[in-house]
Amino acid sequence: MDLGLKGKAALVTGATSGMGLGIAKVLAEEGCNVMITGFGEAKEIERLKTEIAGKHGVKVLHDPVDLAHEDQVVQMVRNTEKAFGAVDILVNNAGIQHVALVEEFPVERWDALLAVNLTAAFHAIRTAMPGMKKRGWGRIINNASASGLAASPKKTAYTAAKFGLIGLTKSVALEVAENQITCNAICPGWVLTGMSRPQVEVIAQREGVSFEQASKILLSSQPNKRFITPEEIGRFVAYLCSEAASPITGAALSIDGGIMAG
Ligand code: NAD
């Protein structure tokens with residue numbers, strides 16, 4: 001099915017790995033020019049850009065922004081507008097994690113987590129919004145988590161940021177509901193990425209079991225009992241960007257193998 005995204009300009013944060021990369025690949029396949037951000041080795045990022053652009057005949061650029069800094073986030077949006085003429089699709093995907101009891105939670109990790117997982121999305125949205133309003137079209141997708149809908153122990157900053165991201169999503173959606181601009185949050189379950197892999201490794205070490213067995217333990221609370229793939233996340237995001245999805249706004253949409261059903 002053609003989603004009608006050919007020629008759209010997309011900005012996907014945290015797209016050098018994991019879900020963001022999956023989202024960038026699917027949007028490129030749908031014909032979008034894509035600005036990716038995220039850390040990584042320069043050579044590997046170059047390889048990714050060339051591979052995605054070559055495969056789908058679109059432009060793929062990388063902005064080395066550190067999302068913890070307001071001025072850099074604002075500049076990232078400006079850079080994308082300059083390169084592609086617009087930010088039609090903004091995917092606030094980048095995120096970090098820290099796991100610790102609240103009384104032991106390092107204050108600087110709390111600050112960093114809130115900055116990257118929540119405040120960066122605010123700065124990106126507020127900077128991209130005037131252009132979207134002017135053009136009368138826009139799609140904003142914020143990658144929250146099942147942790148944006150239900151809390152977990154030892155993840156105070158992550159849970160607070162993700163609940164906050166859903167609140168930001170809903171408020172923005174209401175502001176622009178008549179402007180052909182939608183703003184939604186997606187709430188994935190477990191996807192095997194740079195963020196979740198260490199959490200599997202902790203279980204493997206604690207229980208003295210293999211990575212595969214530890215994955216099964218991690219996935220025991222996810223009813224479909226398998227990792228969701230970055231491509232599945234990408235397809236979901238691309239659908240939300242389509243015209244068919246235009247009445248969907250202000251939603252926190254689960255893609256979690258059934259976690260939130262229980
Ligand atoms: P990942 O570690 O593979 O990707 C994170 C991306 O964010 C990377 O590209 C990284 O370079 C980038 N990033 C981190 N800090 C940054 C900073 N300060 N400035 C710029 N870029 C930065 O992990 P992932 O699992 O693909 O995470 C993507 C999103 O999905 C996150 O928001 C995460 O909270 C969310 N999520 C993950 C899972 C999961 O199971 N992995 C589940 C639900 C939600």
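**Entry 1: a bridge across the chain**

I started with Arg139, which forms a salt bridge with Glu243; their closest N and O atoms are 4.0 Å apart. I then looked up where the two partners sit, and the pair turns out to link distant parts of the chain, 104 residues apart. Arg139 belongs to strand β5 (residues 138-143), while Glu243 lies in the loop between α8 (230-241) and β7 (252-255). A reminder to myself: this is a predicted model.

Next I asked myself: is Arg139 buried or exposed? Arg139 counts as buried, because its relative accessibility is 1% and the cut-off for buried is under 20%. For Glu243 I noted 45% relative accessibility, so this residue counts as partly exposed.

I moved on to Glu44 and Arg47, which form a salt bridge with closest N and O atoms 2.9 Å apart. Both residues are in helix α2, and because they are three residues apart, about one helical turn separates them.

**Entry 2: Arg206 and Glu207**

Here I found a salt bridge between Arg206 and Glu207, with the closest N and O atoms 3.1 Å apart. Arg206 is exposed at a relative accessible area of 57%, since the cut-off for exposed is over 50%. Glu207 has 43% and is partly exposed.

**Entry 3: the wider count**

How many salt bridges does a search of the whole structure find? I got 12. I also wrote down a network of salt bridges that links Glu29, Glu30, Glu231 and Arg235. Glu29 comes up again in the next entry.

**Entry 4: α1 against α2**

Back to α2, this time with its neighbour in view. The axes of helix α1 (residues 18-29) and helix α2 (residues 42-56) come within 9 Å and cross at roughly 25°. That angle makes α1 roughly parallel to α2, because angles under 35 degrees count as such. I noted the crossing of α1 past α2 as right-handed.

Which residues make the contact? From α1 I listed Leu21, Lys25, Ala28 and Glu29, and from α2 Leu48, Glu51, Ile52 and His56. Sorted by class, this contact of α1 with α2 has four nonpolar, three charged and one polar residue.

How values were computed. Residues are numbered from 1 along each chain as its sequence is written. This is a predicted model: local features need pLDDT of at least 70, side-chain atom pairs count only at pLDDT 80 or more; totals for chains, interfaces and linings use all residues. Side-chain values use heavy atoms; hydrogens and water are left out. Axes are lines fitted to C-alpha atoms, for helices over the stretch in contact, and angles run from 0 to 180 degrees between N-to-C directions. Helices (H or I, at least four residues) and strands (E, at least two) are DSSP runs, numbered from the N terminus. Angles under 35 degrees count as roughly parallel, over 145 as roughly antiparallel, 65 to 115 as roughly perpendicular and the rest as oblique. A crossing is left-handed if the near helix is turned anticlockwise from the far one by less than a right angle, and right-handed if clockwise. Contact means heavy atoms within 4.5 Å. Ala, Val, Leu, Ile, Met, Phe, Trp, Tyr, Cys and Pro count as nonpolar, Asp, Glu, Lys and Arg as charged, and the others, Gly among them, as polar. A salt bridge is a side-chain nitrogen of Lys or Arg within 4 Å of a carboxyl oxygen of Asp or Glu. Buried means under 20% relative accessible area, exposed over 50%, partly exposed in between (1.4 Å probe, protein chains only).
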